[in-house]
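User: I am new to this structure. Please take me through it in short questions and answers.

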Amino acid sequence: MTEKLETECPECGAKLRFGLDDVAKQRTVRCSRGHSVKLKDQDGGAGKASKAMADFEKALKRFGK
Ligand SMILES: [Zn+2]
């Protein structure tokens, strides 16, 4: 599962969609008008959240059986 997040391009204000993983890995995403925006994971929060989400999913799967 990938959490979808949204932000605005700082250049043109176009909507940018990205996943939690993209922030955790500090990827560069491109807005619909072609500006590249570097995602920053401040304090590593997204990385932690991403890991917590994976653990949660694992726990859910175990519970489902
Ligand atoms: Zn843009």
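User: Which element has the highest mean pLDDT, and which the lowest?
Analyst: This is a predicted model: local features need pLDDT of at least 70, side-chain atom pairs count only at pLDDT 80 or more, and totals for chains, interfaces and linings use all residues. Residues are numbered from 1 along each chain as its sequence is written. Here pLDDT is the predictor's confidence in each residue, from 0 to 100. The highest mean, 93, belongs to strand 3 (residues 28-30), and the lowest, 86, to helix 2.

User: What pLDDT does the chain average?
Analyst: Where pLDDT is low, predicted coordinates should not be read in detail. In this chain, 95% of the residues score at least 70. The chain average is 88.

User: What pattern does the chain follow along the sequence?
Analyst: Helices (H or I, at least four residues) and strands (E, at least two) are DSSP runs, numbered from the N terminus. The chain has 2 helices and 4 strands. Read in order, the pattern is β-β-α-β-β-α.

User: What radius of gyration does the chain have?
Analyst: The C-alpha trace spans about 45 × 25 × 15 Å along its principal axes. The radius of gyration is taken over C-alpha atoms, and the globule rule is 2.2 Å times the number of residues to the power 0.38. For 65 residues, a compact globule would come out near 11 Å, but the chain has 14 Å.

User: What percentage of the residues count as buried?
Analyst: A residue is buried if 20 or more other C-beta atoms lie within 10 Å of its own, exposed if 12 or fewer, and partly exposed in between; C-beta atoms are placed from the backbone. The chain has 65 residues, and the buried share is 8%.

User: Does helix 2 lie largely in the open or largely buried, and what is its end-to-end distance?
Analyst: Helix 2 covers residues 45-64. Of its 20 residues, 2 are buried, so helix 2 lies largely in the open. The expected span is 1.5 Å times one less than the number of residues. That gives 28 Å for helix 2, and its end C-alpha atoms agree, at 28 Å.

User: How many bridges join strand 1 to strand 2?
Analyst: Two strands pair if DSSP finds at least two bridges between them. Strand 1 (residues 4-8) and strand 2 (residues 15-19) run antiparallel. Leu-5 has Phe-18 as its bridge partner, and Glu-8 stands opposite Lys-15. The bridges number 5.

User: Which residue in the turn of that hairpin has a positive phi?
Analyst: The hairpin leaves 6 residues between strand 1 and strand 2.

User: Which residues are in contact with Thr-28, leaving aside its neighbours within four places in sequence?
Analyst: Thr-28 is found in strand 3. Thr-28 is exposed, with 9 other C-beta atoms within 10 Å. Two residues are in contact if their C-beta atoms, placed from the backbone, lie within 7 Å. For Thr-28 the contacts are Ser-36, Val-37 and Lys-38.
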